[in-house]
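Let's take a friendly walk through this protein together. Have the model open and follow along as we go.

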Amino acid sequence: GAGDYSVVNAKEAERRRKHQVSNGEIKSKLTLENLSELVKKKEPHFTHMNVAAAWHTMARLGKNTAREPGARPRDPELINLLARRGVDVAGELDPQGVSNIMWALATMQEQGQGELVAALSHRGNELMQDFNSQNIANTLWALAKLGLSGQSVLLISALVRRGREIATSFIPQEIANTLHALSKMGITWAKDLVSAMARAGRVTAHEFHPLELANTLLALARLGGVQEKEFIHALCSRARELVTGFKSHEVASTMWGLAEMQVTGEWELVAALGRRAQEVVGNFRGDDTAKVLWSLARLGGGGDRTVLTSLARRARDVAPHLTSEDVAKTLWSLAVMGHGGEGDIINALCERGIAMAEKMAPKDVSSSLWALATMGVTGRRALVAALERKALQTVNDFNAEDVCSTLWALATMSVRCEGALVTALIRKGRDLAGSFKPDQVSHFLWSLATMG
């Protein structure tokens, strides 16, 4: 009767209590092994909150373990167990749970969990009106990190709409992460969200930290946010206050963002960034070195020769690690800023250029040849020949600037007019003549006359 039913209920409640897992118990695990033991023992009884806590804890422990020599920061069995359970309970998750699991997947770079991501995306869409600024920023960051912009269009669109609605609640870190995620995914259509983030950021610019400043300026440049002038200048004002504490990658990203957007009127900041670059030059990687040199050349900041010399020497030291684009940018930058064409710095760059010429895009080929000619580099026939070969292979993809720069360089370096490359450039020039600017017309004609 009713008494028997009560006994059954009491037994079921006791059974559940015995198997119940608290989030505190999950978060207290200090190693992946300890977490794995708990999950394998009690995973069938995990609630949606337990699953979110376990994913978050696994990602945090994995990050710490990865720093230890000889460590194994990944447990495939544990990941698959939590992925399956995550799919089962996805319909019960709250916004924090959705964003926490997305964050964990991205932090661990788990790109093979399509079913779980689909379930999380579906749940995220259902709950979007309850997402707060942190949920939005973290989820967008995770989607960008996982490279899922194509598979998550509906979720991204919903996140963008929700972000616009509550933009005033975003703190600097969330603004920086949101804009960084949009730029990484190439989402240039979210102009309204970018403007909303800029309006919110103007109010809190004085609270931005160096990394947030650097990432935001970099993202604005990639998103075509140059029109957000008030926000940009507010960020620059804050950067002037903090620049002496910038790390090497923060210097590089900030300078690149300013140069790409062709920000004017910030000479004091550019000079301060140049001085800071000199102080941290030993920490620059190859791409950072190329970015800073290119930025100084674009911003007209090459007047301090001690800064230029320090960066040029760093380019020499990291030359074996430069990409094809880095080589081209570095050569172009040194030429623009009046660096001489001889010495061990140019030797190292030319050597790397020979190795990377085959991978160069048309713009890299033309700017490298232009730089060599401008610096008056002599005796580098091997590099010039490698660049000429690549130019001939890719000449059909040249634009007007590529054609004119390459012809001008060849003429300046006394190349004669009868070669196959020159013939191909002239033919391409005729095809593009309608798009030539006045200075390009004069360079083209001068080159033909000079080469005879």
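Is the crossing of α12 and α14 left-handed or right-handed? It is left-handed, meaning that the near helix is turned anticlockwise from the far one by less than a right angle (clockwise would be right-handed). Before going further, please note that this is a predicted model, where local features need pLDDT of at least 70, side-chain atom pairs count only at pLDDT 80 or more, and totals for chains, interfaces and linings use all residues. Residues are numbered from 1 along each chain as its sequence is written, and side-chain values use heavy atoms, with hydrogens and water left out.

Back to the helix pair. The axes of α12 (residues 210-222) and α14 (residues 248-260) come within 8 Å and cross at roughly 30°. Angles under 35 degrees count as roughly parallel, and α12 and α14 are therefore roughly parallel to each other.

Now look at His48, which lies in helix α4 (residues 48-66). Because its relative accessibility is 18%, His48 counts as buried; the cut-off is under 20% relative accessible area with a 1.4 Å probe, protein chains only. Its side chain reaches the backbone oxygen of Glu92 at 3.5 Å. Leaving aside residues up to four places away in sequence, His48 touches Val89, Glu92 and Leu93.

Finally, zoom out. The protein has 24 helices and 0 strands, these being DSSP runs (H or I, at least four residues, for helices; E, at least two, for strands) numbered from the N terminus. Buried residues make up 54% of its 452 residues.

Key. Buried < 20%, exposed > 50% of the residue type's maximum accessible area, 1.4 Å probe, protein only. Polar contact = N/O pair within 3.5 Å; in protein donor to acceptor, adjacent residues only side chain to side chain. Contact = heavy atoms within 4.5 Å. Axes fitted to C-alpha atoms, helices over the stretch in contact; angles between N-to-C directions. Parallel < 35°, antiparallel > 145°, perpendicular 65-115°, else oblique.
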